[in-house]
Amino acid sequence: MKIITIDGPAGSGKGTIAKKLADELGFHYLDSGAIYRVIAYKIKNDDIQLDNETKLKKKLSSINIRFTSNSVMLDEKDISDEIRLENISILASKISAMPIIRDLVFDFQRSFIQEPGLIADGRDMGTVVFPEAELKIFLTASVQERAQRRYKQLISKEIDVNISDLEKEIQDRDARDMNRKISPLVPSSEAFVLDTTYLNINEVCKKIKTLYKKI
């Protein structure tokens, strides 16, 4: 079975690219970031304290997360829009560095391995979660371009944001993700690094499919 991992920082386009490729190749799709966002939403919504690991593990061990073709469900409630808010994104980035959270998520991520293949996007898919993947991609883009993409996304949802604030948040998130002790954001030694700053979705997909045909 084929596994393709697409890692990269926030706003590099990995989610959009992974979804499109999964549709075109007929593969299953794993949005690993959405899992951390759901957990962050649960923690914030239920006011769960992060400093008590025993209670934290108890509260999250029975969490019911389900993905449909268009929705992310928590306890059968559609929270697709809520988990994309900036405060949830920031919290998701912070908790993704916690060993207890990563342990809870790991087996769930691995459960997505199904025929005929899987495309998984995230930050450590190729380095930690699916080290056996046949094709590993690492997408990058300038901070300015990533902030512009995020700005357009939020404005389209009528969420008022400031581009300078988004750039600062992306820089801060990059620093957290790249410098964390557990599963830092780094390309696998086997990954193909693609800069998407000046590439559109179709161009990136074409490059990845060309690489896929060679494996």
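Colleague: Start with E3, E4 and E5. What is the order in that open sheet, and is the pairing parallel or antiparallel?

Modeller: The order is E3-E4-E5, and the pairing is antiparallel. Strands here are DSSP runs (E, at least two residues), helices are runs of H or I with at least four, and both are numbered from the N terminus. This is a predicted model: local features need pLDDT of at least 70, side-chain atom pairs count only at pLDDT 80 or more, and totals for chains, interfaces and linings use all residues. Residues are numbered from 1 along each chain as its sequence is written, and side-chain values use heavy atoms, with hydrogens and water left out.

Colleague: Which strands stand at the edges there?

Modeller: Strand E3 (65-67) and strand E5 (77-78). Each has a single partner strand, so one side of each is left without a neighbour in the sheet.

Colleague: How many bridges pair E4 and E5?

Modeller: E4 (residues 72-74) and E5 pair over 2 bridges. Two strands count as paired if DSSP finds at least two bridges between them. Met73 has Asp78 in E5 as its bridge partner.

Colleague: Now the sheet of 5 strands. What is its order?

Modeller: E2-E6-E1-E7-E8, an open sheet with parallel pairing. E2 (28-31) and E8 (192-195) stand at the edges with a single partner strand each, so one side of each has no neighbour in the sheet. The twist averages 20° from one strand to the next.

Colleague: And E2 with E6?

Modeller: E2 and E6 (residues 117-122) pair in the parallel sense over 4 bridges. Asp31 stands opposite Asp121 in E6.

Colleague: Which strands does helix H1 touch?

Modeller: H1 (residues 14-25) packs on the sheet and touches E1 (2-7), E2, E6 and E7 (135-140). Contact means heavy atoms within 4.5 Å. The direction of H1 makes about 175° with that of E6. Axes are lines fitted to C-alpha atoms, for helices over the stretch in contact, and angles run from 0 to 180 degrees between N-to-C directions.

Colleague: Switching to helices. At what angle do H2 and H4 pack?

Modeller: H2 (residues 32-45) and H4 (residues 86-95) pack at about 105°, with their axes 8 Å apart. That makes H2 roughly perpendicular to H4, a label for angles of 65 to 115 degrees.

Colleague: Which residues meet?

Modeller: In H2, Tyr36, Arg37 and Ile39 are among them; in H4, they include Asn87, Ile88 and Leu91. The contact divides into 9 nonpolar, 2 polar and 2 charged residues. Ala, Val, Leu, Ile, Met, Phe, Trp, Tyr, Cys and Pro count as nonpolar, Asp, Glu, Lys and Arg as charged, and the others, Gly among them, as polar.

Colleague: How much space lies in the largest pocket?

Modeller: About 980 Å³. On a 1 Å grid over the protein atoms alone, a pocket is an open set of points with protein on both sides within 12 Å along at least five of seven lines, a cavity is a set where a 1.4 Å probe fits but cannot get out, and lining residues have an atom within 4 Å of a point. Grid points are joined across faces, edges and corners, and a volume is the space filled by probe spheres set on the points.

Colleague: What lines the pocket?

Modeller: There are 45 lining residues, and the closest to the centre are Ala10, Gly11, Ser12, Lys14 and Arg37. H8 (residues 163-179) gives the largest share, 6 residues. By class, the lining has 12 nonpolar, 15 polar and 18 charged residues.

Colleague: How many cavities of 30 Å³ or more are there?

Modeller: The search finds 1. About 40 Å³ of space lies in the largest cavity, and E7 gives the most to its lining, with 3 residues.

Terms used. Angles under 35 degrees count as roughly parallel, over 145 as roughly antiparallel, 65 to 115 as roughly perpendicular and the rest as oblique.
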